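Here is a short briefing for a first look at this structure. Keep the sequence and the model open side by side while you read.

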Amino acid sequence: MSLLSINKLKENLEKNKTGRIFWVTGNKSFNKCKNDNRLRSIIKSRKSIFFNDFTPNPNEKDLKKGCKKFLSKDCEEIVAVGGGSVIDMAKLILYKSNTKNKDKIKFHVIPTTAGSGSEATNFAVLYKEKIKHSIQDDIIKPDYVYFDVDYLLSNSNYQIACSGFDAFAQAIESYWSVNSNAESEKNSLRALTLILGSIEDSYKGDKGSLNKLYQGSYLAGKAINVAKTTAAHAFAYSFTSNYGLPHGHAVAMTLSFFYKKFKDLNEETCQDDRGLEFVRSKISKLNEIFDEFNTCIQDIIDTLNLDINPSNFFIRENEIENVIINKVNYERLKNYPMKFNLNELRNYFKSFYEKN
């Protein structure tokens, strides 16, 4: 699936003979987007139902509200305009509400952030009682994705940092994932190169760099659709659901730790069926790319001003064990290509508290 111009949205809706449109949107981001004449004319020319009454990181309560509204209005197509949480909410509404007529509902996505990659995947995240659950079904993969870099310009520096780092982590984790294949690896490496070449200037608000960052994000999304994410994402979800850290920021808390762990990779710790040398060759390739850009993961974290000290977010040391380590998402953790001792992760977190 290729990226389309926003101009194509009206054309596709007309081709599909669409009447009622169910718009799932953010708040601030959509307020700017809807002033675009291309969207405004679509909204005025068709019956448009809007749903934006939900919090970041979709939960069951908000999903029920969205499903009820969607079903009551007999809408024919869904258009999601927003970041990862908005796109995931639209996916979940489609999945939960449209079981009988799935083939009749077309799904359009207009991303307003460069990072989640949700527009390129067939899965969505739902939080139930602060526990992350994945929904996966080909029916929720968008039929059309439209992109305009101007829709990213309203993002704050912190939003760019969080979404950009999420894409950065997705590119890395999908590359070393035990589920990777030749196609996903190609997308991962291309994504990583684009992201490393643009993320610093994107953070400064450069339009051309934001465009490259989004292209990298989209490729990273295509890569995780095949390979899935791994350990850094596995421990990130609890930081988000329990402490409100945006997802990309939460992933930054441990990505460097898991990258450095590969120095201990050996026959005993390797858990990729393709073997030790296969994984080592991948890590060597990542090292080469970082050397080419004269950077490392911690440099990116510092450039984006992402604080990864949990104590600075009022997270008590004992909560690291109870809320983060004990609530790890094993579905994602098993994709990490090496075994590791949890005590090493405990000591990593402990080091932050010893500094205070």
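The model is predicted.

**The pair Phe165 and Phe168**
- Helix α6, which spans residues 157–176, holds both Phe165 and Phe168.
- Three residues separate the two, about one turn of the helix.
- Both Phe165 and Phe168 are buried.

**The pair Tyr259 and Phe290**
- The ring centres of Tyr259 and Phe290 lie 5.4 Å apart, and their planes meet at 80°, so this pair is edge-to-face.
- Planes over 60 degrees apart count as edge-to-face.
- Tyr259 belongs to helix α12 (residues 255–260), and Phe290 belongs to helix α13 (residues 276–292), so the pair ties together parts that are 31 residues apart in sequence.
- Tyr259 is buried, and Phe290 is buried too.

**Charges over rings**
- Lys282 places its charged end over the ring of Tyr175. The distance to the ring centre is 5.2 Å.
- Arg332 places its charged end over the ring of Phe123. Here the distance to the ring centre is 5.5 Å.

**Gly84 in helix α5**
- Gly84 is found in helix α5, which covers residues 84–97.
- Is Gly84 buried or exposed? Its relative accessibility is 17%, so Gly84 counts as buried; the cut-off for buried is under 20%.
- Gly84 is in contact with Thr113, Ser116 and Ser118, leaving aside neighbours within four places in sequence.
- Gly84 and His247 are 163 residues apart along the chain. Their C-alpha atoms are separated by 9.4 Å.

**Ser97 in helix α5**
- Ser97 also has its place in helix α5.
- Ser97 has a relative accessible area of 11%, so it is buried.
- Which residues does Ser97 touch, not counting those up to four places away in sequence? They are Cys67, Phe70 and Leu71.

**To recap**
- The Phe165 and Phe168 pair sits within helix α6, while the Tyr259 and Phe290 pair ties together helix α12 and helix α13.
- Gly84 counts as buried, and Ser97 is buried.

Key: Residues numbered from 1 in each chain as written. Predicted model: local features only at pLDDT ≥ 70, side-chain atom pairs only at ≥ 80, totals over all residues. Heavy atoms only, no water. Helix = DSSP H or I, 4+ residues; strand = E, 2+ residues; numbered from the N terminus. Buried < 20%, exposed > 50% of the residue type's maximum accessible area, 1.4 Å probe, protein only. Phe/Tyr/Trp six-rings, centres within 6.5 Å; stacked < 30°, edge-to-face > 60°. Lys NZ or Arg CZ within 6 Å of the ring centre and 35° of its normal. Contact = heavy atoms within 4.5 Å.
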